[in-house]
Amino acid sequence: MGICGRLIHKTRRWIHSRHMLSSVTLASFLESTIVPIPLEALLVPLMQARRDKIWAIALVATLGCMLGALFGYALGYYLFDMLGDWLIELISTPEQFAEVKAQMHSQGFWFVLTLGIVPIPFQIAMLAAGATHYPLWLFFLATAIARSLRYFGLALVVYYAGNKAEKVIRKHKLKGIAALSVLVLGTLWLASSWSTSGVS
């Protein structure tokens with residue numbers, strides 16, 4: 001059984017554990033840094049079983065991811081010259097990373113926000129943000145917004161759909177991601193239009 005399978009199997013043990021929230025924080029940190037954990041597969045059963053803690057679970061998942069984002073940013077900022085090639089091979093390809101760096105220069109905040117929502121490895125954005133010395137506070141803000149949308153949105157689905165949440169998520173996941181991406185890109189377009197109008 002791989003690491004993802006073991007973590008999913010342990011979800012049942014976390015449900016009534018006093019370490020549940022800290023375990024979710026750690027899983028979220030790992031998912032956003034080095035281990036491609038399907039975090040939704042862990043969070044949905046936990047949220048369904050512990051509806052009294054549903055918003056706390058969403059919060060610590062967000063915080064864990066934000067801590068992971070800071071870690072990834074620091075790797076890119078301080079150690080890219082030393083470990084950059086190895087990290088790129090681990091999480092991406094040189095071509096994809098070059099494209100992400102170019103997008104960071106041109107779109108920055110909105111690009112990070114979009115990557116935090118869509119199912120693309122967020123590690124690429126973290127590393128690129130650090131390597132390009134993108135402003136930390138903007139990167140952190142975009143990460144906080146994106147991951148809050150993701151995890152509190154998940155909690156909202158479980159809150160209203162209950163035990164049918166997994167079925168609803170599987171059925172509408174792509175539509176939800178597409179809608180959020182369109183919303184972010186539309187906001188980017190409007191911001192760019194207002195900025196251009198202001199300059200002219």
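Which residues does Phe 122 touch, not counting residues up to four places away in sequence? The close-ups below take up this question and a few others, using a predicted model.

**View 1. Phe 122 and its contacts.** Leaving aside residues up to four places away in sequence, Phe 122 touches Ala 69, Val 112, Leu 115, Gly 116, Phe 139, Thr 143 and Arg 147. Phe 122 is also one of the buried residues of α7.

**View 2. The largest nonpolar core.** This core has 24 residues, and Met 104, Phe 122 and Phe 139 are the ones that touch the most other members. Two or more residues come from each of α4, α5, α6, α7 and α8. The biggest contribution, seven residues, is made by α7. Apart from this core lies another, of 20 residues, which includes Val 24, Leu 43, Leu 46 and Met 47. As a friendly reminder, nonpolar side chains tend to be buried together in soluble globular proteins.

**View 3. Helix α7 in its surroundings.** Helix α7 spans residues 122-131, and it is largely enclosed by the rest of the structure because nine of its ten residues are buried. Those nine are Phe 122, Gln 123, Ile 124, Ala 125, Met 126, Leu 127, Ala 128, Ala 129 and Gly 130. Their packing partners are α2 (20-33), α4 (54-91), α5 (94-106), α6 (109-115) and α8.

View 4. The structure holds seven aromatic pairs. In one of them, the ring centres of Tyr 73 and Tyr 77 are 5.9 Å apart and the planes meet at 25 degrees, so the pair counts as stacked; the cut-off for stacking is under 30 degrees. Both tyrosines belong to helix α4 and sit four residues apart, about one turn of the helix. An α-helix has 3.6 residues a turn, so residues three or four places apart point the same way. Tyr 73 counts as buried, at 7% relative accessibility, whereas Tyr 77 counts as partly exposed, at 33%.

View 5. On the surface, Trp 55, Leu 156, Tyr 159 and Tyr 160 form a nonpolar patch with about 490 Å² of accessible area together. Helix α8 (residues 136-161) supplies the largest share of the patch, three residues. Tyr 159 lies in helix α8, and its 47% relative accessibility makes it partly exposed. Ring pairs also join Trp 55, Phe 152, Tyr 159 and Tyr 160 into a cluster.

Definitions and conventions
Residues are numbered from 1 along each chain as its sequence is written. This is a predicted model: local features need pLDDT of at least 70, side-chain atom pairs count only at pLDDT 80 or more; totals for chains, interfaces and linings use all residues. Side-chain values use heavy atoms; hydrogens and water are left out. Patches are made of residues with over 30% relative accessible area and no salt bridge: like charges are joined within 9 Å, nonpolar side chains (Val, Leu, Ile, Met, Phe, Trp, Tyr) within 5 Å. Accessible areas come from the Shrake-Rupley method with a 1.4 Å probe; for residues, only the protein chains shown count as cover. A salt bridge is a side-chain nitrogen of Lys or Arg within 4 Å of a carboxyl oxygen of Asp or Glu. Buried means under 20% relative accessible area, exposed over 50%, partly exposed in between (1.4 Å probe, protein chains only). Contact means heavy atoms within 4.5 Å. A nonpolar core is a set of buried Ala, Val, Leu, Ile, Met, Phe, Trp, Tyr and Cys residues joined through side-chain atoms within 4.5 Å. Rings of Phe, Tyr and Trp (its six-membered ring) pair if their centres lie within 6.5 Å; planes under 30 degrees apart count as stacked, over 60 as edge-to-face and the rest as tilted.
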